[in-house]
Amino acid sequence: MTQSVVVQVGQCGNQVGCRFWDLALREHAAVNKKGIYDEALSSFFRNVDTRSGDNGPDIYKGKICSLKARALLIDMEEGVVNEILQGPLRDVFDSKQLITDVSGSGNNWAVGHKIYGYQYRENIVEKLRKTAEHCDCLQCFFIIHSMGGGTGSGLGTFVLNLLEEEFPEVYRFVTSVYPSGEDDVITSPYNSVLAMKELNDHADCVLPIENESLFEIVNKIHQMINAGKLGSTVKHNSLVTSSAGSAKTLQEKPFDAMNNIVANLLLNLTSSARFEGSLNMDLNEISMNLVPFPRLHYLVSSLTPLYTLADVNVPSRRLDQMFSDAFSRDHQLIQADPKHSLYLACALLVRGNVQVSDLRRNIERLKPSLHFVSWNQEGWKTGLCSVPPVGHSHSLLALANNTCVKPTFIELKDRFMKLYKKKAHLHHYLQIDGMEQSCFSEAISSLSDLIEEYSELDATKGVPRIDPSRLKIVV
Amino acid sequence: MSIVTVQLGQCGNQIGHEVFNTLCSDICGTHGLCSKKENESYHDSCKERFFCEEESGVPVARAVLVDMEPKVISQTLSMAARSGHWKYNSQAHFCQKQGSGNNWANGYSVHGPRHKEAIMNLVQKEAEKCDRLGGFFTIMSMAGGTGSGLGAFVTQCLRDAFPTSFILNHVIWPYGTGEVIVQNYNSVLTLSHLYQSSDALLVHENDVIHKICAQLMNIKQISFRDVNQVIAHQLGSVFQPAHTAGGGSGYSRNPLGSFQDPSLYTSWLNPQDAFNAWKTPRAFNKYEKSAALVSNSQFLLKPLDSIVGKAWNMFASKAYIHQYTKFGIQEEDFLDCFTTLEQVISSYTNL
C-alpha cells in the first residue's frame, strides 16, 4: 500500500485542504468500524502514540491512537491556518507540519515564488523530508492551491518545483482553482499565467477547478431542496457539498459547501488506491492512461451523484442516470464543453455496488455522442472500487483529457494580454529580486504553445480517419 | 504429474483463486456419478496435480502468487483460507507496494529484474515439492502492467530455469472497449514476448465470456467474479484428469503436454490425428455430462489483427510512448514487437 502527502498552500489551498481532512476522517470512520489502524487509513494518516507527547513514535498496526494527517500546511498569512488549529481538526495536524508568516503575498506571484520561496526553501525541504520519512512507500504529492493570488499561486508552484527536484520519483497531482472573469484580484491573470508555466513544466496531472462551476452546483442543490422536490427525503450527509457527520459542527462558512465538492473529488480520486475492488485503479495508472503527451495533463473532472435520496435500492435505470450525469455540464468542476470537443482519453472511477456489466452497458450507450481522437477511439480507463462514499450506495468520478480546456486557457491568455500590453501593475512584479521581463514572455509563450498543441488536435476532429499502413511481412 | 501455477497481477490472482476453488469443489463434491474406484483414482490424480498435502489435511494449492501491490493477494489468501477446503501456502507469495501503473515497461524492465531472484526462489520451492513436474501454468491479463509486463519477464525466466518443462500461459484478452487505455500497447508487447518463451497460449476473451454470462447464463448484473467463475470452470474441465482415446488406465498423462499436438484442420494434417478426444466417466463439478473444446485455429486471427491495428494506429501518433521510454522500452522495441505479431498474423492468414 502506498502513502500520499497533501501540501496545501495559501488561503484557498488551506480551506479546501481543511475540508478534505475532515471528510476523509468521516469516510474512514464510516468504513473502519473496529478502530483498527489499517492500510486504507495509512495512505493519508499516521497513527501516533501521543501518550508521551506529540513526538511519540508511529504505530503501524493495532488500535488507532492518534491520527495525524500526512500534510504540510503553508500560508504566508496566519489567519486561515490559525483557525484550523483552533478548530475541531487541531489534533490532526502536527505543529511541525506548518509553515506560516504574517504579511501575506499581496496577491503577487513574484512575492510568493521568489521572495518567500527563497526564504523558506530549506524549511520546506526539511519538513517535506520528515513527512516522507514517515511514509513506507510514498507514491504521490497532492498540491492544493489557487492560481489567482500570491501565496497559493507563487509559493505553491515554487513547492511544485521543489518536489520535482527533491522527490523526482513521486507523482505530483495538482488541484488548481482558476480565477473567474470577474475575479476581484486585478492581477490574477498575471499570477495565473506565471503559475501555468510551472504547472506545464512540473506537474504530472492538473485538475483545474473553477469557482463558477462549484457555485452552480451549490445553487442547484439549494434549489432542489428548497423547491421541496427532495425535502426531508434527502440524506443530508450525502450531499456533495455537505459537512454533515464530520467533525465540523460549527456554523458552515460560505465557501465550505464549494470546498467540500473539491474535497470529495480528491477522496473519490484516491478511493481505489485506498480501498479494495474488482478492478483497482491506482494513482500511477491515472497518470499513465490519461496523459498521452507530457504537457497535455489537464483533466476535466465531474462528480456524481450530487446527493442521494433516502431510498436505498436503486434500480438499474437510476444507475444509468448516474453515468449520463457525469457527462452533463452540471456536474463538471470547470466551465467547459467536452461533448463538443475532442476526447484524448477518459477515465471512469466507479465506487460502490456497480459491476463490470453496468460499466460496459453505459460506455456503449454514451460513446456514440462523444468525439474521441482518431488514435484513441476506445480510450476508456475504468476502475471499480467496492467501497462507496458516505451516504451513497454508489458514485462515479469521470476524468477527461479533452481539448475543451482550450477556451479556458485562451481566455486566461486574453486577460493577461489586456494587462500586459498596457504594462499595468508590471512594476510590482519586476521590482522583485529575480523577476525579469523574460519571466513574463516565457510564461505567455508556454501557454501559447499549450494552446497550439490543443488546437492541432482539434483540427483532426471530424476529419475522416486514414489509418496508417501496417507493416508488410515478406512470407 | 503436478502443475505449478503462477498467478500474476490482479487478474491472474483473482482468476487463479476461482480456478483452485472450482477444482477443489469438484474433488470434494460427491457427484462423481461413476464407480467408487474410478472416483478415487480421479480424486488422487487431481489432488496430486494441483494440490500438495499438508499435515493439517487441508490441501495446499501448488501456486505462487505475484503482484506489485498488496491488496489483491491479501484478499485472495484470506478468501482461500476461509473456505476451509483448501488454502494457499502462506509463504508462497511475493508482492510490492506501488503496483505497475498499467505500464508494461515498468513490469518488464523495472520490476522483473529487480524481483527476479525472489520470485524464482518461490517457484523453485514449489517445483521441488512435486514428485513429477508436468510444467508451469501462468495466469495473467495482457491489458495491465504487472500480469502483462512482469508476466512476460517471469515466463522468460521460467524458460531459462526450466528449459525442458512445459509452459502454458493463460492470457486474458481485454474487452474491446476500454479497461485500460494503453491495453493495446501492453497486449502487443506481451504477446510478442511470450511467443519467444512460451509453449502455448490459452486465451480467454473478456468480451466472449461476458456474452456467455449474459446470453447463456442469463446473469443480469455481471461482475468480474461471474466472469472469472466461467473461466475457472472452463479451465477446470480442460485440466481435469481424463483418459486419452488410446486407452490407458491411469490418469497419468501430462495434461499440459497434450498441447504439443495442436489440432489443426489443414490440408496437410490427417483428420484422425487432428482431433484428440479425452474422456472420463467421472462427472465434473455437478455437470452430468460436459465437454470442453480446446482448439488452435484461426479463431483468434480477427481479435489479434484488431489489437495490432489499434496499437499501430496509436503508435503512429506517438501517443503515450513517453510513458514507456522512461522505463527503458524504446520505439525500436515496439517496432520489433509489431514485426513479430504481423508475422504471426500472416502465418495464420495463410493457412
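Tutor: Let's start with a crossing: α6(B) passes α10(B) in a left-handed crossing. One caution is that this is a predicted model, where local features need pLDDT of at least 70, side-chain atom pairs count only at pLDDT 80 or more, and totals for chains, interfaces and linings use all residues. Residues are numbered from 1 along each chain as its sequence is written, chains are lettered from A and ligands numbered from 1 in the order in which they are written, and side-chain values use heavy atoms, with hydrogens and water left out.

Student: What makes a crossing left-handed?
Tutor: The near helix is turned anticlockwise from the far one by less than a right angle; clockwise would be right-handed. Helices here are DSSP runs (H or I, at least four residues; strands are E, at least two), numbered from the N terminus.

Student: At what angle do the axes of α6(B) and α10(B) cross?
Tutor: Roughly 120°, and the axes come within 8 Å. Axes are lines fitted to C-alpha atoms, for helices over the stretch in contact, and angles run from 0 to 180 degrees between N-to-C directions.

Student: Which residues in α6(B) meet α10(B)?
Tutor: Asn184(B), Tyr185(B), Ser187(B), Val188(B) and Leu191(B) do, and their partners in α10(B) include Ile307(B) and Ala311(B). Contact means heavy atoms within 4.5 Å. (Ala, Val, Leu, Ile, Met, Phe, Trp, Tyr, Cys and Pro count as nonpolar, Asp, Glu, Lys and Arg as charged, and the others, Gly among them, as polar.)

Student: Why is Ala311(B) called buried?
Tutor: Buried means under 20% relative accessible area, exposed over 50%, partly exposed in between (1.4 Å probe, protein chains only). Ala311(B) has 1% relative accessibility, so it counts as buried. Leaving aside neighbours within four places in sequence, Ala311(B) is in contact with Asn184(B), Tyr185(B), Val188(B) and Phe338(B).

Student: How do you know that Asp282(A) is buried?
Tutor: Its relative accessible area is 8%, so Asp282(A) is buried by that cut-off. Asp282(A) sits in the loop between α8 (256-274) and α9 (283-290) of chain A. Not counting residues up to four places away in sequence, Asp282(A) touches Gln139(A), Ala273(A) and Gln98(B).

Student: Why is α6(A) called oblique to α12(A)?
Tutor: Their axes come within 9 Å and cross at roughly 125°. That makes α6(A) oblique to α12(A), since angles under 35 degrees count as roughly parallel, over 145 as roughly antiparallel, 65 to 115 as roughly perpendicular and the rest as oblique. This crossing is left-handed, and the residues of the contact divide into 9 nonpolar, 1 polar and 1 charged.

Student: What puts the buried residues of α7(B) on the same side?
Tutor: The buried residues are Asn206(B), Ile209(B), His210(B), Ile212(B) and Cys213(B). They cover an arc of only 155° around the axis, which puts them on the same side of α7(B); the arc is that of the directions from the helix axis to the C-beta atoms. On the other side, Lys211(B), Gln215(B) and Leu216(B) are exposed.

Student: What covers those buried residues of α7(B)?
Tutor: The cover includes α11 (356-366) of chain A, together with β8 (166-173), β9 (200-205) and α8 (224-239) of chain B.
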